[in-house]
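Here is a short briefing to read alongside your structure. Keep the viewer open and follow the points in turn.

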Amino acid sequence: MLNPQRSLSELPKMSAASQVERAVLEEEFNWLLKEEVHAVLKQLQDVLKEASRRFSTPTPGLESQLKQENFILGSSTMDQVKGVLTLQGEALSQADINLKVAKSSQVLHFQFREDKQWKLQQIQDARNHVNQALQLLNSRDESYHFQTGAEVNKLMDAVMLQLTRARNRLTTPASMTLPELATSGLMKMFTPPMPGDVMVNFYINLSKLCLTVYQLHVLPPNTTKNFKPAGSSVLHNPGAMFELNHNRFEVSHVHKVECVVPWLNDTLVFFTISLQLCQQLKDKISVFSSFWNYRPF
């Protein structure tokens, strides 16, 4: 092995010893490219296949065979909103929600229409990115011989990009404006129909399935209140205002409840492991960066 006390950049100044060390380096580097890279690619494939399996993509026409999971939404500190959600892969197939109206003891009950499902785009996108990462890895089978460290790094960067995008889709819910929420297809999913002063939103945050319920009140047309429309956000606070169909609204109450989806937690762990494997391989390649001065990079 190369003496760690000596920099690779000093090798050209050496004579016979330099040539020996250069030969050792070349042998180690060739072994890395031929053997270790493929061992890491196999590890990555195994981990990402597990991640992909968690998403449980249904076979076309066999969606009904996809496992249904029920999750109870609620909070120990508040009971204004309670509900049961049924998750089937990337879709909410059923939702049953009870909302206790803030200024009265009235309880409103909503559920999905039987003919409706709500696709969770975050899960769909994350699954697609995982599958794209697997396709990249599958494009280099065991018989493929990597020629340079740069070629390995290029593949690792492409895989890491897909994994980072997959993770970001689960960790970063989409921001929406209040008018976008009010006019989204989600508001047409329920029976009985949602009243005009209630809005809901579902999203994924890390390994949690979240439901946010907004209660609104209409601002008088001649209100003297300083009207400032709220921008785009994942979670809007009480006091946020917006205008829709020539009416002005203000958020009076916000209720957020959530539940942990264990298999989403699994996938996030798999993403972390995979990104670490990619980075470790890149780090090993970089040890030979000075050696690349002696061969095409």
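Two strands count as paired if DSSP finds at least two bridges between them. Helices (H or I, at least four residues) and strands (E, at least two) are DSSP runs, numbered from the N terminus. This is a predicted model, in which local features need pLDDT of at least 70 and side-chain atom pairs count only at pLDDT 80 or more, while totals for chains, interfaces and linings use all residues. Residues are numbered from 1 along each chain as its sequence is written, and side-chain values use heavy atoms, with hydrogens and water left out.

**The four-stranded sheet**

- β9 and β10 pair in the antiparallel sense over four bridges, and Met241 stands opposite Glu250 in β10.
- The open sheet holds four strands in the order β7-β8-β10-β9, with antiparallel pairing.
- β7 and β9 (241-244) are at the edges with a single partner strand each, so one side of each has no neighbour in the sheet.
- From one strand to the next, the twist averages 35 degrees; angles run from 0 to 180 degrees between N-to-C directions, and axes are lines fitted to C-alpha atoms, for helices over the stretch in contact.
- Eight bridges link β7 to β8, where Val200 faces Val213 in β8.
- β8 and β10 are antiparallel and share 12 bridges, and Leu211 has Val257 in β10 as its bridge partner.

- Buried here means under 20% relative accessible area, exposed means over 50%, and partly exposed lies in between (1.4 Å probe, protein chains only).
- β1 is joined to the antiparallel strand β2 (residues 81-88) by five bridges, with Glu69 opposite Leu87 in β2.

**The nonpolar core**

- A nonpolar core is a set of buried Ala, Val, Leu, Ile, Met, Phe, Trp, Tyr and Cys residues joined through side-chain atoms within 4.5 Å.
- The largest one has 76 residues, and Phe190, Phe202, Leu211 and Phe271 touch the most other members.
- Helix α1 (residues 16-55) supplies the largest share of this core, 12 residues.
- Beyond four places in sequence, Phe190 touches Ile97, Phe110, Gln111, Phe112, Arg113, Val200 and Phe202, where contact means heavy atoms within 4.5 Å.

- Contacts of Ser207 beyond four places in sequence include Cys259, Val261 and Leu268.
- Asn245 sits in the loop between β9 and β10 (247-260) and is exposed, with a relative accessible area of 63%.
- Two residues lie between the strands of the β9 and β10 hairpin, where Asn245 takes a positive phi near 50 degrees.
- Thr177 is in the loop between α3 (149-171) and α4 (178-182), and its C-alpha atom is 6.3 Å from that of Ser233, 56 residues apart along the chain.
- Leaving aside residues up to four places away in sequence, Thr177 touches Gly231, Ser232 and His236.

**Helix packing**

- α3 and α5 (residues 262-287) pack at an angle of about 160 degrees, with axes 10 Å apart.
- That makes the two helices α3 and α5 roughly antiparallel, since angles over 145 degrees count as such, under 35 as roughly parallel, 65 to 115 as roughly perpendicular and the rest as oblique.
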